[in-house]
Amino acid sequence: MATIVNTTEEEPMLAVVRFTAELAWADAGADVAEPEVTRLCVEAQQHILAARWLDMASLMLASADLLLQSPRVPDKDKDLECILAIICNLVTKANSQDEALQIAELICAKLTQQPDDKPALRLKVLFSLYNLLGSPYGKAFVYKKALDLAAAAKAADFIIPTFKNIDSFVSDWGIGKLEQRDLFLVAARILKDHKGMNKEYLNFLNKYLSTFDGSDNDADAIADAKEEAVAAIIEFVKSSDLYQCDLLNMPAVAQLEKDEKYQLVYELLKIFLTRRLDSYLEFQSANSALLKGYGLVHEECITKMRLMSLLDLSSHCAGEIPYNAIIDALKINDDEVEYWIVKAISCKILDCKVDQLNQVIIVSRHTERIFGMPQWQSLRAKLGVWRGNIASAINTIQANKVTDDGSQGIQGLMIR
């Protein structure tokens with residue numbers, strides 16, 4: 001079969017039109033096919049000469065359908081990728097950003113029509129289109145289409161690697177809160193069905209939920225976030241390596257407190273973030289079926305709540321925690337205290353020294369279960385104290401230096 005060879009700036013576009021036209025009219029016979037092929041090539045030349053790049057894109061995109069549907073093309077993927085690459089390049093020729101966006105919209109519409117057919121190839125072309133566009137809004141539009149395609153085709157492996165750059169993407173695009181919300185929700189749903197991505201799934205749920213500020217503008221939309229709020233709570237409770245979160249005070253999560261269906265889930269979050277093991281045991285006794293329904297394992301919840309209780313003790317102590325307080329809060333035996341201290345240290349949520357003689361632990365650092373305004377204010381106060389101490393130390397050093405310099409000067413005069 002023919003191969004598309006680039007010899008001039010315009011020829012690749014004409015070659016695409018000629019190649020696909022010949023393919024489309026192959027069964028009609030030379031008498032019928034030749035005039036049709038010529039007609040399409042002349043039309044393409046007119047578009048090129050008049051710089052009608054949007055019309056040229058429409059004409060060329062019809063060829064992509066022919067290539068997808070034709071059983072006669074042995075190297076269909078290779079030819080299709082080549083054709084789509086040439087079509088995508090039209091955005092660089094566009095006379096304005098609006099025209100480039102219109103061309104991109106046409107290409108995206110074509111590529112997302114049948115997401116299950118060659119999703120990897122379709123996504124590859126969309127990423128190429130993304131890189132060719134100069135407009136931040138255009139880039140955001142194409143990326144969102146790629147997300148939708150990956151979700152529909154269950155092709156998460158091809159889109160997930162880009163998620164690590166999502167914050168810089170959003171900053172570069174300058175998109176609004178509603179667009180961000182939609183973006184984070186689609187990403188979260190992609191990660192939900194992907195094994196081994198629980199932490200990333202919770203991260204995007206947090207991003208999505210944080211776009212609701214509880215204002216009147218969100219009054220209608222916030223109710224739609226209830227299921228995602230519940231999912232975020234359950235993922236946090238299940239996680240064996242997360243001991244801090246900001247969910248509790250998010251308006252999208254706080255609305256569950258008064259929701260008849262989900263208020264117990266919100267209560268569970270409050271227990272894990274503000275209370276101790278005894279509160280969880282009481283809750284579990286009355287709501288064991290609820291916990292099982294959400295896939296929560298009682299023994300795993302006890303383990304996490306013991307560590308959470310140890311953090312609560314650390315936040316209310318004056319630097320020292322007696323063994324007896326740990327035994328009581330964690331509901332453990334005397335010989336298990338140091339095991340749980342070591343476990344907390346290995347989870348990197350506690351730094352302390354163990355005083356076995358006096359049966360206390362001396363806490364130097366602990367993770368705050370909630371890091372809200374009170375914690376920021378406390379941190380600010382500590383930084384203020386440290387800044388004052390450093391300034392005092394610098395002044396002392398400078399004063400000593402002046403004294404030393406003066407002493408050396410007096411000794412020099414005495415020697416003379």
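Where does Lys331 lie? In this predicted model, Lys331 is found in the loop between helix 17 (323-330) and helix 18 (337-346). Its backbone stands out. Most residues other than glycine have a negative phi. Lys331 is not a glycine, yet its phi is positive, at about 55°. The relative accessible area of Lys331 is 40%.

Ala51 has a relative accessibility of 23%. Buried means under 20%, so Ala51 is classed as partly exposed.

A further feature is a pocket. Rolling a probe the size of a water molecule over the atoms shows where empty space is left. The second largest pocket has a volume of about 220 Å³. Its lining consists of Tyr137, Ala140, Phe141, Lys144, Lys145, Trp173, Ile175, Glu179, Asp182 and Leu183. Which helices each supply at least two residues of this lining? They are helix 7 (136-153) and helix 9 (177-192). Helix 7 gives the largest share, five residues.

Six of the lining residues are nonpolar and four are charged. None is polar. Tyr and Trp count as nonpolar here, so Tyr137 and Trp173 of the lining belong to the nonpolar group.

Key. Residues numbered from 1 in each chain as written. Predicted model: local features only at pLDDT ≥ 70, side-chain atom pairs only at ≥ 80, totals over all residues. Heavy atoms only, no water. 1 Å grid on protein atoms, 1.4 Å probe; cavity = no way out; pocket = protein on both sides within 12 Å on 5 of 7 lines; lining within 4 Å. Points joined across faces, edges and corners; volume = space filled by probe spheres on them. Helix = DSSP H or I, 4+ residues; strand = E, 2+ residues; numbered from the N terminus. Buried < 20%, exposed > 50% of the residue type's maximum accessible area, 1.4 Å probe, protein only.
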